[in-house]
Amino acid sequence: LRRHWPLDKAHHFESEGMALHLQTWFFMLSTRPFLQPSTAFKHGRVELGPRVDYLVNDMESSSLKTLLTGCLHDPSLMMKPHDMSIGHRGACMQFPEHTAESYRAAAAQGAGIIECDVAVTKDGELVCRHSQCDLHTTTNILATSLASKCKAPFVASDGTTEASAECCTSDITLAEFKTLCGKMDGADTSATTVEDYLKGTASWRTDLYSECGTLVSHAESIDLIKAYGAKFTPELKTYTQGDLALSYDEVRAKIAQEYLDANVDPSKVWLQSFNHPDIEYWLAQFPETFGKQAVRLDGEYCDGTLSGCALDDEFSTMRAAGVEYIAPPMQMLLQVKNGGYAPSEYALAAKAAGFKIITWTLERSGFLSSGGGWYYGTSNDFTNNDGDMYEMLHTLVSKVGIAGIFSDWPATVTFYANCMVTPERYSLMGERASGKFGRVELGPRV
């Protein structure tokens, strides 16, 4: 361009504005001090958005707040994708879960690992849905001609009985599934019409991106997540064969095979399930690959005490069988002690047994001013502001020693991990890089 279109000759362009534009572009290329191969990411820069700043500023005064504030205002601090940050159904706090848009938002926020919950269609194909039967609350199926195929049709509320419906992925084929639009999960059970029933998005979420979320098959999710350079954690949902052609073992095998078909290294895949027979199958069939990283989700929902959980025998049995990863909800790993969050008895026992611990789910509780609800069940009386989630996350990382955490808004964890776990800074930063507010955060909307 310099040779053929001299930048001091504006008449070579249609307008002087074009010349100025190119002069600016070349200036940027020649003066950016931090574009090094070691700092380049496959899917561009991580975009945290403004929520991280809000959460840090909402924290009560503490040494952690001081450290996190320093990271917010440090323009040399890299924000890179991090495996501690796991996109729960993508980034479903604001994007319809298990849609292409939700997965892209999770990748943009630096989720190192992204989840596809796996359900099965009528013709035996694997798709990303949180439940085998949730289409009536996560898609627009009831407003389409496919509503006639639902397991249970829409029934309006009569003022006493709640409105209801049940639509399953096994009710329709993959081709039919792909015609649907994803929406924010929710339903208005007081509704008397389908239109009103399809509403019900929680007040602290948004329908801004819900016009028509793009549903994806499991194979499509692999391609999309792979293109962004992230890793994978598919969860096999409970499968009931019924009239479907695939047996349970065929589904267990198919979920792994689709990664092999896509030439994905099994070390980048964490298969997960609440059902121990699924874990046993993967350990037996893929002992040196998928089985080694199979994640046993713990659905006991105990209070984190040994007397309430009584899992010593189960821990030893699972470890002897080769289970390396266990994943309980956050509340089971925490207690409140001496005026702060602390590891629970369950957490200490799981560590002593040699498990690598993953937990769930951050950013799924709405406002924390009233205690945080179910996910904060063992600390409801202590948790009282949104910023507390960083104090809780810090305890989970520094004292429980978690390997990763699912989040409905991955940026929250990505920021913490880059600040507190594996901080890296650009080696060459000139005065141009400094700013009063640190880096500019565009967020995933762009």
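**Rings and cores**

Tutor: Start with one aromatic cluster, formed by Phe 274, Tyr 301, Trp 360, Trp 374 and Tyr 375. This is a predicted model, where local features need pLDDT of at least 70, side-chain atom pairs count only at pLDDT 80 or more, and totals for chains, interfaces and linings use all residues. Residues are numbered from 1 along each chain as its sequence is written, and side-chain values use heavy atoms, with hydrogens and water left out.

Student: How many aromatic pairs does a search of the whole structure find?

Tutor: A pair of aromatic rings is described by the distance of the centres and the angle of the planes. Rings of Phe, Tyr and Trp (its six-membered ring) pair if their centres lie within 6.5 Å; planes under 30 degrees apart are stacked, over 60 edge-to-face, the rest tilted. Here the search gives 16 pairs. Among them, Trp 360 and Trp 374 are stacked, at 6.2 Å centre to centre and 25° between the planes.

Student: Is Trp 360 buried or exposed?

Tutor: Buried means under 20% relative accessible area, exposed over 50%, and partly exposed in between (1.4 Å probe, protein chains only). Trp 360 counts as buried at 9%, while Trp 374 is partly exposed at 40%.

Student: What about nonpolar cores?

Tutor: In soluble globular proteins, nonpolar side chains tend to be buried together. A nonpolar core is a set of buried Ala, Val, Leu, Ile, Met, Phe, Trp, Tyr and Cys residues joined through side-chain atoms within 4.5 Å. The largest one here has 101 residues, including Leu 68 and Trp 282. A second, separate core has 18 residues, Val 127 among them.
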